[in-house]
Amino acid sequence: MEIRGKVGVITGGGSGIGRAVSERLAHDGASIVVADIDDKGGAETVKMIESAGGKAAFVHANVTAIGDVRRMLDTALARFGRLDIVHNNAGIGVGAPGFPDAPPERWHLVVEIDLQAVILGTGLAAPIMQKQGGGVIINTASMAGLYPHRQDAVYGAAKGGVVNFTHSLASWSAERNIRVNCVCPGIVDTPMVRRGLEAATKLGIKSWMPAKIIQPQEIADAVALLVRDDSLFGCSLEVRPSGRQIVEPRPAPGSRKQS
Ligand SMILES: NC(=O)c1ccc[n+]([C@@H]2O[C@H](COP(=O)([O-])OP(=O)(O)OC[C@H]3O[C@@H](n4cnc5c(N)ncnc54)[C@H](O)[C@@H]3O)[C@@H](O)[C@H]2O)c1
């Protein structure tokens, strides 16, 4: 899909990866609805886009609340007249002291934001896009969803759910011309990662940073590729410091590969 002239909603657009994606798609000519629970961060992203000559609006939306998600999508229609791109990106980790020492409410919230909200955002955006004849949905998973993640198993489970949800929608996606794909970043230099490291250090928990860390703009490039490449349905795009690769959904044993 050509990005110029399109309208996108980015959740978690007030910080890190969501901000970089918002700026990138706006730079490429899309109008952006920045959705976040952080009003200050969201307003800053809008200001950054507008200062660079782009179009954007902020909507306060908690991605776990059905009413908020509906309002966030309606804002795209009300402010910019259409809805072409949804990036379900908002996310959190369990954080120190980790599973199972962190309160159960925290594990629950991780699954709610990182997985349930992705299902909600996809399910509520799809009928709007279908009416328009198509659209693109991108979910932020993680390399933690493709491989075991010993630092945060709950986060790994939620992100693994996002990967399989996305892969499972491959043929659904092709039938409706709503391309659903996900991006699976390695460790990215964002406030989320910095906060996690600080909290772990305070508790004396050993954690590490790879020698080469991915910049949020590299994830924005990957998301722009997922928007543009009309051949991708139900795929994961793994982004490592060394490069990126498409992971196609594997057909279930005994089933035929869906094209
Ligand atoms: N940073 C990394 O290394 C990394 C790696 C792989 C995947 N990810 C994923 O990328 C996404 C963005 O992470 P980031 O590193 O940019 O983090 P971040 O903390 O910098 O940004 C996340 C944003 O999401 C918002 N948010 C949190 N809960 C929300 C809710 N309920 N409703 C609406 N907004 C909410 C926050 O306010 C924040 O602005 C997350 O899904 C994260 O799991 C991050």
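This dialogue covers helix packing and cysteines in a predicted model.

Student: How is a pair of packed helices described?

Tutor: Two packed helices are described by the angle between their axes and the distance between the axes. Take helix 4, residues 104–132, and helix 5, residues 153–168: their axes lie 8 Å apart, at an angle of about 10°. Angles under 35 degrees count as roughly parallel, so helix 4 and helix 5 are roughly parallel to each other.

Student: What is the hand of the crossing of helix 4 and helix 5?

Tutor: The crossing of helix 4 and helix 5 is right-handed.

Student: Which residues of helix 4 and helix 5 meet?

Tutor: Helix 4 contributes W107, V110, V111, D114, L115, V118, I119 and T122. Across from them, helix 5 contributes V154, Y155, A158, K159, G161, V162 and F165. By class, this contact of helix 4 with helix 5 has 11 nonpolar, 2 polar and 2 charged residues.

Student: Is I119 buried, exposed or partly exposed, and which is the reason?

Tutor: I119, found in helix 4, has a relative accessibility of 35% and therefore counts as partly exposed. The C-alpha atom of I119 is separated by 9.3 Å from that of T166, although the two residues are 47 apart along the chain.

Student: How do helix 3 and helix 4 cross?

Tutor: The axes of helix 3, residues 66–80, and helix 4 come within 10 Å and cross at roughly 30°. That angle makes helix 3 roughly parallel to helix 4. The crossing of helix 3 and helix 4 is right-handed.

Student: Which residues of helix 3 and helix 4 meet?

Tutor: From helix 3 come I66, V69, R70, L73 and L77, and from helix 4 come L120, G121, L124, A125, I128 and Q132. The residues of this contact of helix 3 with helix 4 divide into 8 nonpolar, 2 polar and 1 charged.

Student: Turning to the cysteines, how many disulfides does the count come to?

Tutor: A disulfide is a covalent bond between the sulfur atoms of two cysteines. The cut-off applied here is a pair of cysteine sulfur atoms within 2.5 Å, and by this rule the count comes to 0 disulfides. C182 is in no disulfide, and the nearest cysteine sulfur, that of C184, is 4.1 Å away.

Student: Is C235 buried or exposed, and what of C182?

Tutor: C235 is buried, with a relative accessible area of 3%. C182 counts as buried at 0% relative accessibility.

Methods. Residues are numbered from 1 along each chain as its sequence is written. This is a predicted model: local features need pLDDT of at least 70, side-chain atom pairs count only at pLDDT 80 or more; totals for chains, interfaces and linings use all residues. Side-chain values use heavy atoms; hydrogens and water are left out. Buried means under 20% relative accessible area, exposed over 50%, partly exposed in between (1.4 Å probe, protein chains only). Axes are lines fitted to C-alpha atoms, for helices over the stretch in contact, and angles run from 0 to 180 degrees between N-to-C directions. Helices (H or I, at least four residues) and strands (E, at least two) are DSSP runs, numbered from the N terminus. Angles under 35 degrees count as roughly parallel, over 145 as roughly antiparallel, 65 to 115 as roughly perpendicular and the rest as oblique. A crossing is left-handed if the near helix is turned anticlockwise from the far one by less than a right angle, and right-handed if clockwise. Contact means heavy atoms within 4.5 Å. Ala, Val, Leu, Ile, Met, Phe, Trp, Tyr, Cys and Pro count as nonpolar, Asp, Glu, Lys and Arg as charged, and the others, Gly among them, as polar.
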